[in-house]
Amino acid sequence: MIRLLTSTLLALAATCPAAAQDLPHAFVGAHVIPVEGPEIESGVLIVQGGRIVAVGSANAVDVPEGAVLHDVTGRVIMPGLICTHSHIGRPSGGDGSSPIQPEARVLDSVNVRSQGFKRALAGGLTTLNIMSGSGHLISGQTIYVKLRDGHTVEELVYRWEDGAAMGGLKMANGTNSQREAPFPGTRGKSASLVREKYIKAQEYMRKFEAAAGDPSKLPERDLSLEPLVEAMQGRRIVHHHTHRHDDVVTVLRLSKEFGFRVVLHHVSEGWKVAKEIAEANAPCSLILVDSPGGKLEAVDLIHETAAVLEKEGAVVAFHTDDWITDSRVFLRMPALGIRAGLSRETALRSVTINGAIMLDLDERIGSLTPGKDADFIVLSGDPFSVYTHVEQTWVEGVLRFNRADPADRLYATGGYGAGDDTKPYLCCQDEEGAVQ
Amino acid sequence: MTISRAHGVFCAFIAAAMAVPALPGAAQVAVRGGTIHTMNGAPIANGVIIIRDGKIAAVGPATQVQIPDGMRVIEAEVVTAGLIDAHSVVGLAGQFNEDHDQDQLESSSPVQPELRAVDAYNARERLVEWIRGFGVTTIHTGHGPGELVSGQTMIVKTTGNTVEDATIVPLAMIAATLGESAQKEDGKSPGNRSKMMAMLRDELIKAREYRDKRQSAEADKQPPRDLGLDAMVRVLEGEIPLLVTAHRAQDIANALRLQAEFDVPMVLDGAAEAYLLIEEIKAAGVPVIVHPAMTRAYEETRNLSMETAGLLRNAGIPIALQSGYESYVPKTRVVLFEAAVAAANGLGFDDALAAITIDAANILGIDERVGSIEIGKDGDLALYDGDPFEYTSHCTGVIIEGEVVSETAR
């Protein structure tokens, strides 16, 4: 156990931000899947300063002088995986007092030391949309996080150019958000409460516009309306839990009425309204579980949904909904999608660039493209084989998971201690544990 | 330890009834397979299996086994024995997850060994058909984990319109649970581990005394029939095992202590931390039905490992795999998928396939009928278009006792 702790410390030390490379790193010999662009049989990936510098076939890309060489012959390299819907870090949103609480922020509730983050890295995930639950019509503001090393949520969250945390707005309809008053008891009431709130937000937005920057004319700040205004202005994407076909169509109706951009989440019966979804240009983030049911809204869940939506032209991604499914086996989901008719190309996009599109991050992540963040994974084989393991996960050019390191491997396989949250950040202690 | 295969008069009756084909002529079929995993010797390349009257009549290379004229022939890349899910609650637990279709756990009392699985199994449950579509032909199902002694389990084929049609073993094991999930709150018992063990020991001692009195006393002095104690006597007599769900190492150790005290047949279930007690489990001769490889790690399963099945198997402990029990989404796991992940995490292809066929049959005591493709065994087959464990392969056909029950690629 002591040995285990020591190796954990060493692994942590090796991934301290200070260790981020300045030298170029060259990964040579792997089958490279850039996602945007064709797969490369024997490719080269060059990263430096946390960004991708070059990617291509061995004869098209020069390895810079002085580069740290990584021989990855026989391996597969693809972009770091993006999960558009995760509950890692035990985030909370609104409490039990009312069904609509846009003011509640996941930012204020995530435990970054949760072992879930280690498991996610072991599964090859590098970016998550961490969301509150589906027990509210509007449960709060989500955050987009990068799984870089960090001991506060501030260090992990993606930011707009103005420094504000990036994230969406979590909404839900159907049975999860229905219960005793003041929560809605029916679908009609659910939609009515949401419309009422958005109409308030529209009026609030108009007052801002009318003030035209004059502080004396600005309305009083309303924390619960601001995120809705951001949604209607396009800065905040609505991530909407919805299962049944009629609930899906209700989401599309509300999205059209108020002009917010929406990503449909779960979409168990999406196959019944695929044409409508595609016509509305609503991207779908799907979950694929091993059997239908478990709740009434999911009894018509089928494994073919992704293929049906692909055929109609909708943008499709998968999500873990961790802990509904385990981040460590995230690649299993697009693989089962292929089993049920999805193309390999869309399956690859569904856990990378399509997820990035749904988080407004497609210019930064989601493919191995020069200039994008150096988030990538090294796999032992084809991404869609059960026998393949994630060997390494790199975030912004820093090795964040290494299966060859027993301390990391523990989180990949599970085992004694894997259920514990990660040890405190110990960069400032010496080997005996004394604070320096 | 060996598990007794004595199953009483009722069981024998059911088994005899099952041996009769439902429709004359329906149970004749030939299967041609690129690779046949018989689980009885090396796989056969380009093989043929002939099923007559619901039983395997011939198996061997195509060069040696002649397909009779006029017999229906089905082809597949890969053929395995019908898969066995060694522990499930499917059929008692239904897809809707509403009160009306959840019969796997009765919480009115912590010790109810008298609850029969046959009275609760719904042969028409959609989840039965769902798992069958992936090649599962036999399930050990019944009362689930979550009460100290939750009730009886049974073994069924994933076919039939009634429980009588489906049953092959009406009383397979008595299900018990040690650990947090069987613990009660608000002053109710059992409230902790000591109390659990005290109550379980007390139940077995009561059953021993009941048995002795029933055997020795004159007819008019015998104690009145007690359905619960009747069931526990079956365990004491070594006729059926006690199936003990225990995840933490200390709960597994408690189960082994109980086994040593009463010398009853026992099967460990779940066993998330079994890797900490390999020597002890091996010494006790207790087989383990290991938790699903992808089951969620939290509370008492927080330290589970995807490598446990491989670690136990490599140590020589008999293991089988299971779909387990799910309380939400998905409502059931699929044992094929769990075996696949175990195969990729130290168990390997051969042992993983054995853990859902012949090894499971051995632990369940049904290896004379199912678990391998051998002459005289039930004609239960699963057909695939590639490695059955690969995510992207499909199950292209399922045959139970010679009847093609699924031909949809899944």
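Modeller: Of the 410 residues of chain B, 57% count as buried, where buried means that 20 or more other C-beta atoms, placed from the backbone, lie within 10 Å of the residue's own. This is a predicted model, in which local features need pLDDT of at least 70 and side-chain atom pairs count only at pLDDT 80 or more, while totals for chains, interfaces and linings use all residues. Residues are numbered from 1 along each chain as its sequence is written, and chains are lettered from A in the order in which they are written.

Colleague: How does the radius of gyration of chain B sit against that of a compact globule?

Modeller: For 410 residues a compact globule would have a value near 22 Å, and chain B agrees with 21 Å. The radius is taken over C-alpha atoms, and the globule rule is 2.2 Å times the number of residues to the power 0.38. Along the principal axes, the C-alpha atoms of chain B fill a box of roughly 65 × 50 × 40 Å.

Colleague: And how many helices and strands does chain B have?

Modeller: Chain B has eleven helices and 16 strands. These are DSSP runs numbered from the N terminus: H or I of at least four residues for helices, E of at least two for strands.

Colleague: Which domains does chain A have?

Modeller: Domain 1 covers 2-80 + 371-413 and domain 2 covers 81-358; the bounds come from an automatic or database domain assignment. Their centres, taken over C-alpha atoms, are 29 Å apart. The contact between them takes 22 residues from domain 1 and 25 residues from domain 2. On the domain 1 side, β16 (390-395), β17 (398-402) and α12 (406-413) of chain A each supply at least two residues.

Colleague: How do α2(A) and α12(A) cross?

Modeller: The axis of α2 (residues 115-122) of chain A comes within 8 Å of that of α12(A), and the two cross at roughly 90°. The helices are therefore roughly perpendicular, a term for angles of 65 to 115 degrees. Axes are lines fitted to C-alpha atoms over the stretch in contact, with angles from 0 to 180 degrees between N-to-C directions. A:Gln115, A:Lys118, A:Arg119 and A:Ala122 of α2(A) make the contact with A:Asp408, A:Tyr411 and A:Ala412 of α12(A).

Notes:
Contact = placed C-beta atoms within 7 Å. Parallel < 35°, antiparallel > 145°, perpendicular 65-115°, else oblique. Buried ≥ 20, exposed ≤ 12 C-beta atoms within 10 Å, placed from the backbone.
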